[in-house]
Amino acid sequence: MNVIEVKNLTKKYKNLTAVNNVSFDVRQGEIFGFLGPNGAGKSTTISMLATLISPTSGTAFINGFNINSQRDDVRKSIGLVFQDPSLDDRLTARENLCFHAQLYRIPKSQCDPRVEAVLKLVDLWERRDSIVRTFSGGMKRRLEIARGLIHQPKVLFLDEPTLGLDPQTRFNIWEYILKLKRESEMTIFMTTHYMNEAEYCDRIAIIDHGQIVALDTPANLKKMIGGDIISLASADKEKLKAELQERYQKEIKEEDGVLKIEVTDGQKFLPQLFNDMTTKIDSIELREPTLEDVFLRLTGHQIRKEEASEKDLMRRQARRRGGH
Amino acid sequence: MYFFQAIYTIWRREIIRYIRDRARIFSTFLQPLMFLAIFGLGLRSTLAQGNFGIDFIKFMYPGIIAMSVMGIAFFSTVSTVWDREFGFLKEILVAPVPRVAIVIGKISGAMTIASTQALILLVLAPFIGVSIHILTIVELFLFFLVLSFAISSLGLLIASLMKTTESFGVVMQVLIFPMFFLSGAFFPLTSIPGWLSVISRINPLTYGVDAARQILLGPQTPAAVLQKLSLYPIHIDILALAIFSLIVVSAAVWAFNRRD
């Protein structure tokens, strides 16, 4: 069963098409990832699915409800963890959750047990009566995830759930997300621009410039690359490149001064390579393809690293400022 | 029923935030005391001999309360701009809650805080020589609830259109002074030029000051004197405030519903 069905969703701003004719389905119970650089249209898509902004054209159904005409039913069906912090940091953890529970019409009798359950899930039960301002970034994120779960939504949207967090905290957040998937039948829709995190997803849509360029399981996407990747460094790069091209008739990519070739079976290819080449090779690396390679292959560019990190920095500052 | 529960939830958060903010509580109590000191000790000695036929302090006092209500009501609605800036507004907007309930909940929060301030000022009135009967205090308090609601609605409408606290502050600065000086708080509006008079009639504070003055002075002033100082009967003032609130609340709901 498809819990999300997106049909030709488009969002245009004055001179920018943020999301361009996007269609896809998400199945009940899967972790579905939206992978792409900042500005690719990930958050805009989530905002439309969450009824926060209207699409310019196209529509989507969540839990069978139309995002344009049945907004209230859509809102009841989803939980959201936004990219930027959205807690009231003058309230305690429990007050934040109760506020949310009341807005989502959870009966008083069920409120306390549910608050307790979600706080225990994210290991914040001990801190239930602390003011949120005193929480670390990771704790706030966990609390937001707990809040998104309290009304037991059909779909949990996570917009860059680990952005701006340190590696340890990121790892923990993922533990909670995977625990959720194991213990409940919840569908999780997430966006990320961290390639390694996209690996956790059951299926990934790769999005660039507002369009989906591929949609499949991480394993299948990596198969597109057609095997392993060998990186070669040499003092005489040009000569090596020419020789490789001539000998194997393969496309040679150059990145940061390192030559890359894709081969079907890297372990067998390496000895052969050593025999064939006459140019001196300084270093060599053999690895299996990553989603980064898939992205590069599909879009012709890397997930814009510099841009991402700069924006991360801003976000991190915004998070810190969150203690207003 | 759910509608009122949602209003209550939104309102309760505003109040919790207010109670946790010591600086705001402190200023709620300090501001009236400051007014009392300035008007009671300072102005009184120089202005007490007005030519209205009544004590100038008594003439001014409703205006002072109205001004203070306006300031607090406006300031309290800044919470919506903060919510937007700090992301919490999204949490509210994505909830299955009617936008009207959000708007009224927010307005009620500001109204509660502003009318608390009015109550403090009313209770302190005897200290600067304005004697008010206990029943009149009750009447005035009820009326200030209406006025606080109207002013808070306007504040919320502006807040819902503003993206940053800075722009909200600037707009408020620009609004507060003409609203106050063209409200009849300082001088009667019965003898101002036509165009100013038009502006003063769209100013909700005008009706607030007008009605509050009549309620306060009614029991202790000759009807003829009061008549000269007043614009409309009290029920017309209340009606005007109700219509004003209705229009502004509708506009605020529209602003909340906008999804660009």
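In strand 4 of chain A, A:V6 finds its bridge partner in A:A60. This is a predicted model, in which local features need pLDDT of at least 70, side-chain atom pairs count only at pLDDT 80 or more, and totals for chains, interfaces and linings use all residues. Residues are numbered from 1 along each chain as its sequence is written, while chains are lettered from A and ligands numbered from 1 in the order in which they are written.

**The chain as a whole**

- Chain A has 12 helices and 14 strands; helices (H or I, at least four residues) and strands (E, at least two) are DSSP runs, numbered from the N terminus.
- Along the principal axes, the C-alpha atoms of chain A fill a box of roughly 75 × 40 × 40 Å.
- Of the 324 residues of chain A, 37% are buried, a label given when 20 or more other C-beta atoms, placed from the backbone, lie within 10 Å of a residue's own.
- Taking contacts in chain A between residues at least 6 apart in sequence, 72% join residues at least 24 apart; a contact here puts two C-beta atoms, placed from the backbone, within 7 Å.

**The sheet around strand 1**

- Let's return to A:V6, which also stands opposite A:F24 in strand 2 of chain A.
- Strand 1 (residues 2-13) and strand 2 (residues 16-27) of chain A pair in the antiparallel sense over 8 bridges, where pairing requires that DSSP finds at least two bridges between two strands.
- These two strands of chain A form a hairpin with 2 residues between them, and A:K11 stands opposite A:V19 in strand 2.
- Strand 1 of chain A also pairs with strand 4 (residues 57-62) of chain A, in the antiparallel sense and over 5 bridges.
- Together, the order 2-1-4-5 in chain A describes an open sheet of 4 strands with antiparallel pairing.
- Strand 2 and strand 5 (65-66) of chain A are the edge strands, each pairing on one side only.

**Helix 11**

- Helix 11 (residues 291-299) of chain A has A:L291, A:D293, A:V294 and A:F295 buried.
- The buried residues of helix 11 pack against strand 3 (31-35), strand 9 (203-208) and strand 11 (228-233) of chain A, as well as helix 7 (195-198) and helix 8 (218-223) of chain A.
- After helix 11 of chain A comes A:G300, with a positive phi near 80°.

Key. Buried ≥ 20, exposed ≤ 12 C-beta atoms within 10 Å, placed from the backbone.
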